[in-house]
Amino acid sequence: MLDLPGPVSPAFASADLVCGGVKIVTNSVTPCQVTVTDSQGWHFFVSVAGQSDTLCDGKRVKLLPGQNMMTMPNLPRTSERTNSSAFAAAFDIEELIKRQRAMSGAEGIVHLPDDRPTKIPLGFQPALWRTFTHICKIIDACGEDGALAARLGVDDLIYRWVATTLFEAEDTAETQHVPRGRVDFVCDYIRATIDVRPLTLTEMENASALSARSLQYGFMRRFGCSPMQWQQRERMIRMRERLFLLPPDATITELAYEMGFSTLSALTTLYKRHFGETPIQTIASARFQRIA
């Protein structure tokens, strides 16, 4: 429903497209008030041009092109629109979960929209806005041919775009301020167990009280590698130190098992990748230096 105070009626143009399991609505209006009483399920709303100020469930959300989007369950809402164009799409929450799991490769990790109107930033990642505008161009090119849009995978593109936006927004909020001390604590924990076994990523997360992605970000920003890569490098350095000091009656196999390597060949492959020589060559070099 459109309302505009005064004798002038607002100009309104709208186009609908059903593509697979996604229902898309685009519209352009002159300044007006838009009231929606039943949106028939979950959907997201993006202002393509102009400003939208939406009141929904007692929360007011201002949307600007390229800056943010809004996800909403089925709730009545009222929007104050300037001269603007908007894009709205109804989506299935279970289908979104499937896409996220397929994209992340993890059965349990999903980033779902809140069960209330939620503004999600886009400005932190300009590529998200650029890809959205390209999806809009594909939709425009399909016209009213929903079957063509479905064959081109437009519905899949939309689900993947929403899933990526939720991933990126949550990760950015988590990783903007990763305390340095938490990364240091994980490093100390790795060093404390380095002669016994490697830590799992879950153990590192629990020790640092950070999510997997925040922990990855903290190590990447600090050391330029993941926490598992950092641990592997430290273990190889420690292995080299112990090989230089290995007693004549000790064996490399015993040392490998003692430090948590499953097989000697696994150690040898990893060690050669790091140092360009095998553990046996390192021992020979160390003994030669002691004799010399």
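The structure is a predicted model, in which local features need pLDDT of at least 70 and side-chain atom pairs count only at pLDDT 80 or more, while totals for chains, interfaces and linings use all residues. Residues are numbered from 1 along each chain as its sequence is written, and side-chain values use heavy atoms, leaving out hydrogens and water.

Asp155 sits in helix H4 (residues 154-175); helices are DSSP runs of H or I with at least four residues, strands are runs of E with at least two, and both are numbered from the N terminus. Asp155 is buried, that is, under 20% relative accessible area with a 1.4 Å probe and protein chains only. Even so, Asp155 has no salt bridge (a side-chain nitrogen of Lys or Arg within 4 Å of a carboxyl oxygen of Asp or Glu). The nearest side chain of opposite charge, Arg99, is 4.9 Å away.

Next comes strand E9 (residues 77-81), joined by five bridges to E4 (residues 32-36), the two running antiparallel. Strands pair if DSSP finds at least two bridges between them. Here Gln33 stands opposite Glu80. Five bridges also join E9 to E6 (residues 52-56), again antiparallel, and Leu55 has Thr78 as its bridge partner.

Finally, helix H10 (residues 264-275) buries Leu267, Leu270 and Tyr271. Seen down the axis, these buried residues fall within an arc of 100°, so they line one face of the helix; the arc is that of the directions from the helix axis to the C-beta atoms. Just after H10, Gly276 takes a positive phi of about 75°.

Conventions
Buried < 20%, exposed > 50% of the residue type's maximum accessible area, 1.4 Å probe, protein only. Lys, Arg positive; Asp, Glu negative; His and termini not counted.
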